[in-house]
Amino acid sequence: MINHDTITKIMETVRIEEVVGDFVSLKKRGTSLIGNCPFHNEKTPSFHVSVAKGIYKCFGCGKGGDSVHFIMDHEKYSYPEALKFLAQKYNIEVEETVQSPQNIEAQNARESLYIVSEYAASYFANEMWAGEQGRAIGLSYFKERGFREDIVKKFQLGYSPDVWDALIQSALAAGHKEEYLEKTGLSIRNDKGKLYDRFRGRVMFPIHNFTGRVIGFGGRTLKTDKNVPKYVNSPESDIYHKSNVLYGLFHAKKAIRDTDNCYLVEGYADVLAVHQAGIENVVASSGTSLTTEQIRLIGRFSQNVTILYDGDAAGIKASLRGLDMILEEGLNVKVVLFPDGHDPDSYMHHVGSGEFKKYIENNRKDFILYKASILLKEAGSDPIKRAGIIRDIVESIAKIPDDIKASIFIRECSGLLQVEERILLSELNKIRVAKFKKSSGGSQGQGSSSFQQQNQGQNQYQPYPDGPPDNLFENPDSASEFIEAPVAEENDLLQEQEIIRLLLAYGHELVSWDKIDNMYIGSFIMQNLADVSFQDELCKKVIDTYRDEIENGHLPVASQFINNEDRKIAELAITLSTSPYSLSENWYNKHNIYVRDESINLKATILGGLYHLKKGKVARMLMDIAKELKTETDPVNQEILMQRFIFIKGVEKEISKFLGTVILK
């Protein structure tokens with residue numbers, strides 16, 4: 001277990017914008033940093049990072065937390081693993097207390113997969129640089145391909161000896177277990193139960209995750225035997241999911257952010273070659289065809305993708321398929337076609353780094369120009385084929401979620417294909433309508449009706465659309481109807497949450513009204529809640545904790561709740577401490593429009609929150625009395641209930657005087 005002092009040091013050192021920034025491209029907006037959420041698919045950023053509060057919050061999927069919880073959620077780490085990750089990032093020495101063997105084993109099960117993968121990467125690299133077979137075969141291969149030593153070392157390239165169990169024997173001697181060699185796919189057990197190396201006799205390409213840890217491998221054979229597969233990749237494991245990984249992303253993510261563009265290639269060697277040309281913002285979808293998850297990974301860092309696929313038929317086909325997938329995710333895409341059947345690797349070594357950079361900068365084509373030139377070349381003068389190609393291109397445009405972008409491409413397409421814009425727009429609309437019908441599972445009318453029915457069930461309850469009746473409090477039936485309405489419960493919850501928001505935001509500030517001296521707003525609010533019971537269990541927990549802390553002589557601060565061990569309390573505190581909206585300075589600087597800040601008049605803000613809460617509670621009490629009057633038959637009890645009703649009604653009027661609202665007589 002990590003001791004408390006170490007945890008405190010980690011929490012004081014970490015910077016939320018640096019931690020999240022390693023995984024998400026963040027841009028300044030108001031007082032927050034925003035980006036596309038890494039936890040769910042979105043095209044419009046709703047993921048906010050508050051540097052001042054040290055927290056993140058996604059207003060799309062609801063996830064939120066501090067730096068530790070971000071690493072836990074993103075990397076699927078336990079709490080201790082996330083702390084160790086952050087400690088390593090900031091070079092903080094971790095001091096731990098003794099744990100039971102059972103706890104250590106449970107914590108280390110996943111970690112062991114990383115450790116044995118790191119060991120294998122080091123083993124393969126050492127074999128290539130120091131082993132006789134490795135230098136003669138592996139290192140010679142990379143040098144013959146024209147790769148510099150600094151590139152080979154940067155990507156931790158290596159060689160797996162052509163021996164059945166060379167890695168296994170070395171790993172076992174170093175204290176690693178067969179179990180983890182199997183789970184990572186480094187070793188395979190045959191029908192007779194014998195364990196052997198998966199990658200023997202291959203040059204090795206370690207695959208890194210976001211944070212630079214080795215999670216898998218690609219191995220290329222150097223044999224000419226056609227029965228031997230050219231590439232073998234690690235199988236799926238607890239730490240490696242190939243559809244969610246891009247080769248080279250760890251080395252490329254900073255450059256992708258800085259250049260606001262990502263070069264997408266097919267193979268390991270292509271990534272190395274483009275890096276060697278001095279272009280670091282390059283990744284590959286090696287080991288799998290391009291997936292939606294991989295495109296979304298790129299989208300975290302840039303909305304611009306440039307495809308650098310092979311110039312042969314297979315490469316062109318792959319680029320066209322990838323192009324449509326990228327468009328569908330809302331990213332901007334360009335394509336570079338290499339001459340004479342070259343791929344990025346061969347062309348870089350053919351012309352050299354300088355010419356290679358010039359070529360890709362000068363030959364980037366917009367996806368319409370690229371797709372049209374490829375397909376029209378195939379069609380020749382055949383009018384039927386040309387008509388099919390036009391539809392194919394419009395289908396690509398239909399995948400673009402942004403209507404403005406789509407309309408611009410339609411205009412470009414009109415001139416390029418010599419087809420009237422209105423005809424293309426008509427075809428575009430047909431495709432979109434067909435797509436909508438397919439996704440809604442029926443006709444447009446049915447989909448619309450279904451949508452309306454769903455919406456009618458959500459926050460649409462209006463107990464009195466024309467205003468409450470004059471005899472609301474005299475009619476117990478009306479009271480009963482109102483008290484059971486979902487909107488009443490929702491209002492209660494919102495008012496209770498508002499009090500907690502005020503405590504978190506202003507509890508540590510001093511009261512500056514009504515000649516009150518030396519009292520914090522937190523204490524003031526708690527004193528005024530003595531006669532109020534909270535209904536929501538989570539809100540009640542926060543209020544009880546706040547009250548207990550004050551009674552023990554401590555004034556709680558927001559971070560205590562944001563970092564609370566109870567995840568539900570932490571999430572509530574984060575939600576109430578953040579907002580997806582920020583006020584632009586232009587309102588005042590350019591337009592001279594002043595928007596009132598709630599902190600300017602804290603008296604009105606705090607008392608308004610308290611009185612709104614109490615007004616809701618009082619209204620609920622009046623309803624409860626009205627319900628009792630309905631069933632009470634004893635005249636004496638009826639008189640008592642009526643006196644109580646009149647008294648509470650008076651309280652309600654006093655509250656309403658402050659709030660400036662009208663109460664029915």
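**Cores, rings and strands**

User: Which residues does isoleucine 397 touch, not counting residues up to four places away in sequence?
Analyst: Contact here means heavy atoms within 4.5 Å. Leaving out residues up to four places away in sequence, isoleucine 397 touches Phe367, Ile368, Ala406, Phe409, Ile410, Cys413, Leu428 and Arg432.

User: Which pLDDT do local features need here?
Analyst: Residues are numbered from 1 along each chain as its sequence is written, and side-chain values use heavy atoms, with hydrogens and water left out. This is a predicted model: totals for chains, interfaces and linings use all residues, side-chain atom pairs count only at pLDDT 80 or more, and local features need pLDDT of at least 70.

User: How many residues are in the largest nonpolar core?
Analyst: A nonpolar core is a set of buried Ala, Val, Leu, Ile, Met, Phe, Trp, Tyr and Cys residues joined through side-chain atoms within 4.5 Å. Buried means under 20% relative accessible area, exposed over 50%, and partly exposed in between (1.4 Å probe, protein chains only). In the largest core, Tyr247 and Ile397 have the most contacts inside it, and its residue count is 134.

User: And how many residues does the other core have?
Analyst: Ile397 belongs to the largest core. Another core lies apart from that one; it includes Ile500, Leu504, Val542 and Leu602, and its residues number 33.

User: Are the rings of phenylalanine 367 and phenylalanine 409 stacked or edge-to-face?
Analyst: Rings of Phe, Tyr and Trp (its six-membered ring) pair if their centres lie within 6.5 Å; planes under 30 degrees apart count as stacked, over 60 as edge-to-face and the rest as tilted. There are 29 aromatic pairs in the structure. For phenylalanine 367 and phenylalanine 409, the centres are 4.8 Å apart and the planes at 75 degrees, so the pair is edge-to-face.

User: What about tyrosine 546 and phenylalanine 561, stacked or edge-to-face?
Analyst: Tyrosine 546 is buried at 2% relative accessibility, and phenylalanine 561 is buried at 3%. With ring centres 6.2 Å apart and planes at 10 degrees, the pair counts as stacked.

User: How far is the charged end of arginine 200 from the centre of the ring of tryptophan 164?
Analyst: A charge sits over a ring if NZ of Lys or CZ of Arg is within 6 Å of the ring centre and within 35 degrees of the ring normal. Lysine 89 does this over the ring of tyrosine 90, 5.6 Å from the centre. Arginine 200 has its charged end over the ring of tryptophan 164, at a distance from the centre of 4.0 Å.

User: Do β14 and strand β15 run parallel or antiparallel?
Analyst: Two strands pair if DSSP finds at least two bridges between them. There are 4 bridges joining β14 to strand β15 (residues 332-335), with valine 305 bridged to valine 333 in β15. The two strands run parallel.

User: Which strands stand at the edges of the open sheet of 5 strands?
Analyst: The order in this sheet is β1-β2-β3-β4-β5, with antiparallel pairing. One side of each edge strand is left without a neighbour in the sheet, because each has a single partner strand; these are β1 (27-29) and β5 (64-65).

User: How far apart are the C-alpha atoms of alanine 121 and valine 214?
Analyst: Alanine 121 lies in helix α5 (residues 101-130) and is buried, with a relative accessible area of 0%. Not counting residues up to four places away in sequence, alanine 121 touches Gln156, Pro206, Val214 and Phe217. Alanine 121 and valine 214 are 93 residues apart along the chain, but their C-alpha atoms are separated by 7.4 Å.

User: Is lysine 76 buried or exposed?
Analyst: Lysine 76 has a positive phi of about 60 degrees although it is not a glycine. Most residues other than glycine have a negative phi. Lysine 76 sits in the loop between α3 (67-75) and α4 (79-89). With a relative accessible area of 57%, lysine 76 is exposed.
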